[in-house]
Every structure is written in structure tokens, then in C-alpha cells.
Amino acid sequence: MYKTDRDKPQEKPNPELYFTNENLTVLVTDLFAAGMETTSITLRWGLLLMMKYPEIQKKVQREIEKVIGLSEPKVSHRKDMPYTDAVIHEIQRFGNIVPNNLPHATTQDVNFRGFFLPKGTHVMPLLTSVLYDKDHFIKAEEFYPEHFLDSRGNFVRKEAFMPFSAGKRSCAGENLAKMELFMFFTRLLQNFTIKAPLGATLDLTPAVGFTATPLAHEICAIPRV
């Protein structure tokens, strides 16, 4: 009598090696908890920068009027809005909200630029080093949406644009965050003009912390007629 695989004793799944409902719950919780904070901080930078640079805000609003009009923004609109897309990317680059990234570790022995990193070495990738790299962004210290536009006004992707990190351990919520930022940002500027209160000083210095958040400030949201 021949035995099949079904006749063999079944091993219990190891929760450390296999995907479980508990792991799924933790992943989704991290996705929304971390995603809400980083997305909201990015939007705060966006509103502050629109107050600081009203001429850029007007260009975004003109593109919204041309492409979306009075309709509700959709993700599909993004491909037809290169300037708005460039502004959102520049907000993420300039805001640099997670400058030190999260800690990683080498999975094997690595030789990197003359240095030996044994397996298990903790590594802190500094995202600032690429987001503010002058070889890729000619005005790295300034807010300059043209970093992501070519001479014809078409959107250009940059290899050094890594606010979500890179590789296999990049942010799992990247696609969700991109969708949220576009939807929220365009909807806000579609309905409001963002201005600073009279006499206010707009400081672009980030607050000190694990995430680089804007300093506390007041905003005037003027409904657009």
C-alpha cells in the first residue's frame, strides 16, 4: 500500500515564518497608524508651503480648474496634472519628514565602500542624504517643484526621490499614501485658498523629533467662490 503526502503527519505552522491573522492585524494597524501620522504631517507641510509660496498655489489651482473643474478629484486625474504631481513630490522631498528612516539590519556579511558589516549589523539609512542631494536636486535647500518637471512641463521621476525608503523593506503603505496625498491636497486647494494670518511670520524650520513636523502656526482657509 502506497502512502501519500496526506498520510504524513501535518506540521503546525510557525507564526514567525508564516502569515497569520494576528500578523495581518498588526500589519494593518501599523499601516494606518503610521500612515495617518506621516500623511497628516506631509499635508501640514503642504499647507504651510502654499501659504509661503502663493504663486505656486495659484498654479496648482489653475491646473485643478482645467483638469478637474468642480468635480470630485479622482486618482485617475493625477496623470493629467504634472504640475500638481510635481508640487506634491516636492512637498515630500522638502518636508523630509522621516530624515533618519527606520533601523534596518544586514541579513548577511556585507562589504560596503571598504567597510565590513557583519550579519546582523544595525544600519540607519539617512534619507536626507538623497532627498537633499545637490547632484539630483539643483536647489536642494529650496522648495522648487521644477525639480520634478522637464523643460516642457512634463512630470519627471527622480531616482533620488526616496521618502518611502527603497528595496524590499520600503514603506508598505506607499501606494496608499500617494493616493491620499493627491486626493486630500487637490480637494483642499479646489475649495480653499490657503493664506497666512495678517502679520504672521512663516518659519520653515522643522520641529525636533523622530519625524520632522512643521512648527505650530495658524492658517486662514478662504472659501473659493
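The paragraphs below walk through this predicted model, from its overall layout to its helix packing and its aromatic rings. Because the model is predicted, local features need pLDDT of at least 70 and side-chain atom pairs count only at pLDDT 80 or more, while totals for chains, interfaces and linings use all residues. Residues are numbered from 1 along each chain as its sequence is written, and side-chain values use heavy atoms, with hydrogens and water left out.

The chain has five helices and six strands, where helices (H or I, at least four residues) and strands (E, at least two) are DSSP runs numbered from the N terminus. Read from the N terminus, the elements follow the order α-α-α-β-β-β-β-α-α-β-β. Of the 225 residues, 32% count as buried, a word that stands for under 20% relative accessible area, with exposed meaning over 50% and partly exposed lying in between (1.4 Å probe, protein chains only). Among contacts (heavy atoms within 4.5 Å) between residues at least 6 apart in sequence, 70% join residues at least 24 apart.

Helix α2 (residues 54-67) packs against α3 at an angle of about 135°, with the axes 8 Å apart; here axes are lines fitted to C-alpha atoms, for helices over the stretch in contact, and angles run from 0 to 180 degrees between N-to-C directions. The two helices are therefore oblique to each other, since angles under 35 degrees count as roughly parallel, over 145 as roughly antiparallel, 65 to 115 as roughly perpendicular and the rest as oblique. The crossing of α2 and α3 is left-handed, which is the name used if the near helix is turned anticlockwise from the far one by less than a right angle, and right-handed is used if clockwise. At this meeting, I56, K59, V60 and E63 in α2 touch P82, Y83, T84 and V87 in α3.

Helix α3 also meets helix α5 (residues 174-191), their axes coming within 11 Å and crossing at roughly 110°. That makes α3 roughly perpendicular to α5, and this crossing is right-handed. The residues that meet are T84, V87, I88, I91 and Q92 in α3 and L181, F182, F185 and T186 in α5.

P82, which belongs to helix α3, is partly exposed at 23% relative accessibility. Leaving aside neighbours within four places in sequence, P82 is in contact with E63, L149, G153, N154 and F155. P82 and E63 are 19 residues apart in sequence, yet 8.8 Å apart in space, C-alpha to C-alpha.

The aromatic rings come next. Rings of Phe, Tyr and Trp (its six-membered ring) pair if their centres lie within 6.5 Å, and planes under 30 degrees apart count as stacked, over 60 as edge-to-face and the rest as tilted. By this rule the count comes to six aromatic pairs. In one of them, W45 and F94 stand edge-to-face, 6.4 Å centre to centre with 85° between the planes. W45 is buried at 2% relative accessible area, and F94 is buried at 9%. F148 and F155 form a stacked pair, 6.2 Å centre to centre and 10° between the planes; F148 is buried at 0%, whereas F155 is partly exposed at 21%. Ring pairs also link W45, Y53, F94 and F143 into a cluster.
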